Amino acid sequence: GTERMVVDRRRCLLVAVLLASADAVRPAVATRPPAVRTAAPVMIMDQLKKIADDGALAVKQAAAEKVVGERVAAKLAAAQAKYDIPQKYTNLMQSFFTSYMTEIYLADRDLDEYEQILSTLMKKVLETAQEPHTFQPFHEAIRAPFDYYKMGCDFANGMVDADRSLVLGAEQIEKMQQQIAAGDNVVLFANHQSEADPQIFSVLLDPKVPGFAEETIFVAGDRVTTDLLAMPFSMGRNLLCIFSKKHVDNPPELKSTKQRHNRMVMKTMQQLMTDGGKCIWVAPSGGRDRPSDDGKYEVAPFDSKSIEMFRLMSAKADRPTHFYPLSMFTYPICPPPTTVGGEIGEQRTVKYYPAALHFGEEVDVSRFSEGCVTDNFPAGCDANSSRDELREALAKHVHSIVSSNYQDLAAKLDMP
């Protein structure tokens, strides 16, 4: 039955591992009598054991990648007979899917279950390659006849070590739910680390607060709506599809078109906030965090204009809007490329690892009053500070909370 198939497939992978590691473990031929040695100190023995364990894991991973890579290549070859996939994406799918299934094997997850999920995703990628989905300024998650939301969550679930993952500040979610139920709006000012952030958000929150992540609207850049691998995942989310400030100028000939699209997105978002009862996630940095020179990830600076735009929209909505800082630790699972603004269709790798969220307390934006355009306009403005100074102060305040909470998460979970 199914159990027998799982055992057989794991046995095949184990045989491959043993064959690949045979040379590594075969004893060397002695050329002289071994010297008599005293017992090594415990510390050295521990170090030697770690080296041996690391070596065994590396051999096991290499062997698994070879076996899994061959299976993925066979699936892609069969798909090529039916679909005309650009060669660049064939190579990307080969490396990405091999990385994914290798991690599934190393994490001892259910191979059959995740191979089926992978096959479904591959089919959807190929279908959208033939007929790309057109995303409107506000895209609502496609749940039928095919549930893209569930597919994205199922796929991400394979990479999230749920037992070691963290969700801090859960009491803030309860407040948000009450505010949304009352018709108020909630805006999450978050850092952004991985393409899979929306799916990881759901994997961590769906078991704890069903419906919250599912209904959240994500402000998304054009890369996740135009890249063939990202597109099926994006189809399962509520998205406000915008061109971020990092990409709006590239290429120059499309700048005016992108700006016009963004104005339409702003108009749509204003209507959503006027309707009320919405939760909107936005990364004021305009892109993903990147590692510093020492390899440590830091929260990218927030764009004060982005935060100010949401503050102004909330004022026009004629409904209360509540602003919360959100720190996300997700980069080990699906790290971003080291460069910014590269070609669509980036190389991807994945790793089985815990993720974490930290919801901070609501930020009172009224503390950062507006500067005056003219004398006492708008009413209550601060004549001693320019609008730009106050806008920057608010952005730095929100950023400092997100960054501080992120560093706490990283200290608990960061990779060695």
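Author: Not counting residues up to four places away in sequence, Phe97 touches Val72, Leu118, Leu121, Met122 and Leu229 (contact is heavy atoms within 4.5 Å). The model is predicted: local features need pLDDT of at least 70 and side-chain atom pairs count only at pLDDT 80 or more, while totals for chains, interfaces and linings use all residues. Numbering runs from 1 along each chain as its sequence is written, and side-chain values use heavy atoms, with hydrogens and water left out.

Phe97 belongs to helix H3 (helices, H or I with at least four residues, and strands, E with at least two, are DSSP runs numbered from the N terminus). Phe97 counts as buried because its relative accessibility is 0% (buried is under 20% relative accessible area, exposed over 50% and partly exposed in between, with a 1.4 Å probe and protein chains only). Phe97 and Leu118 are 21 residues apart in sequence, yet their C-alpha atoms are 7.5 Å apart in space.

The largest nonpolar core has 107 residues, of which Leu188, Phe201, Leu205 and Phe359 touch the most other members (such a core is a set of buried Ala, Val, Leu, Ile, Met, Phe, Trp, Tyr and Cys residues joined through side-chain atoms within 4.5 Å). Helix H3, residues 87-106, gives the most to this core, with nine residues. In soluble globular proteins, nonpolar side chains tend to be buried together. With neighbours within four places in sequence left aside, the contacts of Leu188 include Phe201, Trp281, Leu326 and Phe359.

Next comes the sheet. Its eight strands form an open sheet with mixed pairing, in the order S1-S5-S4-S6-S3-S7-S8-S2 (two strands pair if DSSP finds at least two bridges between them). Strand S1 (138-139) and S2 are the edge strands, each pairing on one side only. S2 and strand S8 (residues 356-359) run parallel and are joined by three bridges. Leu168 has His358 in S8 as its bridge partner.

Helix H7 lies across S2, S3, strand S4 (217-220), strand S7 (321-329) and S8, at about 80° to S8 (axes are lines fitted to C-alpha atoms, for helices over the stretch in contact, and angles between N-to-C directions run from 0 to 180 degrees). Helix H13, residues 387-413, also packs on the sheet, where it touches S2, S3, S7 and S8 and makes about 30° with the direction of S7.

Two loops are worth a look as well. Ser165 sits in the loop between helix H5 (148-157) and strand S2 (166-168). Ser165 is buried because its relative accessible area is 14%. A polar atom of the Ser165 side chain lies 2.8 Å from the backbone oxygen of Asp161. Beyond its neighbours within four places in sequence, Ser165 is in contact with Val160, Leu204, Pro354 and Ala355.

His192 is placed in the loop between strand S3 (185-190) and helix H7 (197-205). At a relative accessible area of 18%, His192 is buried too. The side chains of His192 and Asp197 are joined by a polar contact of 2.6 Å (a pair of N or O atoms within 3.5 Å; within protein, one must be able to donate a hydrogen and the other to accept it, and residues adjacent in sequence count only if both atoms are side-chain atoms). Leaving aside neighbours within four places, His192 also has contacts with Trp281 and Arg288, among others.

For the protein chain as a whole, there are 13 helices and eight strands. Buried residues make up 47% of its 416 residues.
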